[in-house]
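This report looks at one helix, its surroundings and a group of strands. Please have the sequence and the structure at hand while reading.

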Amino acid sequence: SQVSFEEESQNPPAVGHWKPLMPSKGDKEEPEGGCQDAGGVDEPQSTEQLNVSRLRSSSVEIREKGSEFLRDELHKAQKELKLKDKECERLSKVREQLEQELEELTASLFEEAHKMVREANTKQAAAEKQLREARGKIDMLQAEVTALKTLVITSTPSSPNRELHPQLQSPSKAGFRKGHGRNKSTSSAMVSAASQNVAPESVSRECKEVDSILFAEFQAWKESPTLDKSCSFLDRIYREDVGPCLDFTKQELSELVRVAVEQNTLTIEPVASQTVPVGKVAAEECGGPKKCALSGLPRTCKHRIMLGDSGNYYYISPSCRARITAVCNFFTYIRYIQQGLVRQDVELMYWEVMRLRREMSLAKLGFYPSEM
């Protein structure tokens, strides 16, 4: 090593006394006791000094070369250390940068996660609120539908609900709006059975028997209810009840009334007590308060009808109104059956249809309640 080499260079080797070289053969031939000159005595000493100087010069040369080699190695080591220090510094900076980026990324991820959680909680709260509101609306609508179904089912032509049909109330309670009240045929057709029966009787006291042919036709129609009059059930009723009941003196107007009843576009209104201007009566209405437009007979007309949205009004007598109302009652009930609003036994529905047919027959024969 460099330390040991320097120690050796600082401590020069000890120089001992060198023995003179062995005498050569020529020297042996010389006599030992011969005379010697002055130069022969100093020759061994000069040789010894020359050897010592040579050794010293070689040690100095070795020391210089060793020092130069060590200096070069030291310079190389220092350069390598500087490069390693720079590399370590660079790696340290890279590590610090990565750690900072990792911390920033972690913080941003946590912030984003918290933001998503807050948004999810807000959306969940809003969704739960909308769900509660929707359930409340659904419950309210279901209650309304149930109430309407109950009212519709309980308000049959045989026993109409007067709260649903103000036109069935007395004129003093019903009143008029702008001179008259407007009611569609589906509403005006629901007149109580008691008001149409001349001599009302309790159903329980009547003796009745099911006609097998009529009941079979009704059952076949009930399996697939339709308003097409080509089926045997409606064809019979058209021929025996609807047609004769709507057969008035004015044939052309009678046909228009029948079509309007079938299409559910007929409107029956009570006549206002106020006097209508003569010009308006002549331009828009047929008949008059004292003449029926369907029969052509002079009668006191308390109601008038309008066919669709034509805007033309026709005065009708109480008898004609009873006939039209009876037919409207029948069509209203079979429409209820077709729409699935009537939840009764087939036989009960059959007897209700028969009762409505009887009402049409009585109206055709001229029977109507005094309230008409």
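## Helix α11 and its burial

In this predicted model, 19 of the 21 residues of helix α11 are buried, so the helix is largely enclosed by the rest of the structure. The helix covers residues 318–338, and its end C-alpha atoms are 30 Å apart, which agrees with the 30 Å that its 21 residues should span at 1.5 Å a residue. Just after α11, G340 takes a positive phi of about 75°.

## A cysteine within the helix

C320 has its place in helix α11, and its relative accessibility is 3%, a value that falls under the 20% cut-off for burial, so that C320 counts as buried. Leaving aside residues up to four places away in sequence, C320 touches F248, C292, L294 and S295. For one of these, S295, the C-alpha atom is separated from that of C320 by 7.8 Å, although the two residues are 25 residues apart along the chain.

## Packing of α11 against α12

Helix α12 comprises residues 346–364, and its axis and that of α11 come within 8 Å and cross at roughly 165°. Because angles over 145 degrees count as roughly antiparallel, this crossing makes α11 roughly antiparallel to α12. The crossing in which α11 passes α12 is left-handed.

On the α11 side the contact is made by A322, R323, A326, V327, N329, F330, Y333 and I337, while α12 contributes M349, E352, V353, L356, E359, M360, A363 and K364.

Strand β4, residues 303–307, pairs with β2 in the antiparallel sense over 5 bridges, and P270 stands opposite H303 in β4.

β4 and β5 form a hairpin with 5 residues between them, and G308 in the turn has a positive phi of about 65°. Strand β5, residues 313–316, is covered on both faces, with Y313 and Y315 buried on one side and Y314 and I316 buried on the other.

Terms used:
Residues numbered from 1 in each chain as written. Predicted model: local features only at pLDDT ≥ 70, side-chain atom pairs only at ≥ 80, totals over all residues. Heavy atoms only, no water. Helix = DSSP H or I, 4+ residues; strand = E, 2+ residues; numbered from the N terminus. Expected span 1.5 Å × (residues − 1). Buried < 20%, exposed > 50% of the residue type's maximum accessible area, 1.4 Å probe, protein only. Pairing = 2+ DSSP bridges. Axes fitted to C-alpha atoms, helices over the stretch in contact; angles between N-to-C directions. Parallel < 35°, antiparallel > 145°, perpendicular 65-115°, else oblique. Left-handed = near helix turned anticlockwise from the far one by under 90°. Contact = heavy atoms within 4.5 Å.
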